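Here is a short report on one protein model. Look at the sequence and the 3D view, then read on.

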Amino acid sequence: MLFYSGETDGAVPTYGTKAWLKELNWPITTPWTKWESDDGQVNGWSTMYADLLNFTIIRGVGHMAPQWARQPCLDMVNKFIS
């Protein structure tokens with residue numbers, strides 16, 4: 001599963017998502033790591049829970065991440081699928 005959030009999302013705050021994930025008590029199987037574009041720009045950070053759920057934060061955008069960070073969001077989805 002892929003769950004993503006804009007870093008500055010006020011409608012569904014990243015902080016609340018992190019709290020929800022903590023309540024699942026799933027082990028973290030991949031610690032927080034940054035992910036970058038081909039030119040070295042940091043697009044965000046991701047972590048994996050129980051090898052089932054990938055939680056990704058999109059850097060510098062809010063609730064409408066795909067609208068305001070189109071290429072990073074497309075890269076995120078393509079990386080998840082591959």
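F80 has 41% relative accessibility, so it counts as partly exposed. The cut-offs are these: buried means under 20% relative accessible area, exposed means over 50%, and partly exposed lies in between (1.4 Å probe, protein chains only). F80 sits in helix α3, residues 70–81. Together with V77 and I81, F80 makes a nonpolar surface patch of about 280 Å². Patch residues have over 30% relative accessible area and no salt bridge; like charges are joined within 9 Å, and nonpolar side chains (Val, Leu, Ile, Met, Phe, Trp, Tyr) within 5 Å. Areas come from the Shrake-Rupley method with a 1.4 Å probe, and for residues only the protein chains shown count as cover.

A word on the source. This is a predicted model: local features need pLDDT of at least 70, side-chain atom pairs count only at pLDDT 80 or more, and totals for chains, interfaces and linings use all residues. Residues are numbered from 1 along each chain as its sequence is written, and side-chain values use heavy atoms, with hydrogens and water left out.

Now the charged side chains. The structure holds one salt bridge, that is, a side-chain nitrogen of Lys or Arg within 4 Å of a carboxyl oxygen of Asp or Glu. K34 and E36 form it, at 3.2 Å from N to O. How exposed are the residues discussed so far?

| Residue | Relative accessibility | Class |
|---|---|---|
| E36 | 40% | partly exposed |
| K34 | 51% | exposed |
| F80 | 41% | partly exposed |

Next, the inside. Of the 82 residues, 32% count as buried. The largest nonpolar core has seven residues: W35, I58, V61, A65, A69, C73 and M76. Such a core is a set of buried Ala, Val, Leu, Ile, Met, Phe, Trp, Tyr and Cys residues joined through side-chain atoms within 4.5 Å. A second, separate core has five residues, including Y49, L53, F55 and I57. Leaving out residues up to four places away in sequence, V61 touches G6, E7, T8, D9, W68 and A69. A contact means heavy atoms within 4.5 Å.

Last, the whole fold. The protein has three helices and four strands. From the N terminus, the order is β-α-β-β-β-α-α. Helices (H or I, at least four residues) and strands (E, at least two) are DSSP runs, numbered from the N terminus. The C-alpha atoms fill a box of roughly 35 × 30 × 20 Å along the principal axes. The protein exposes about 5,500 Å², and carbon and sulfur atoms supply 57% of that area.
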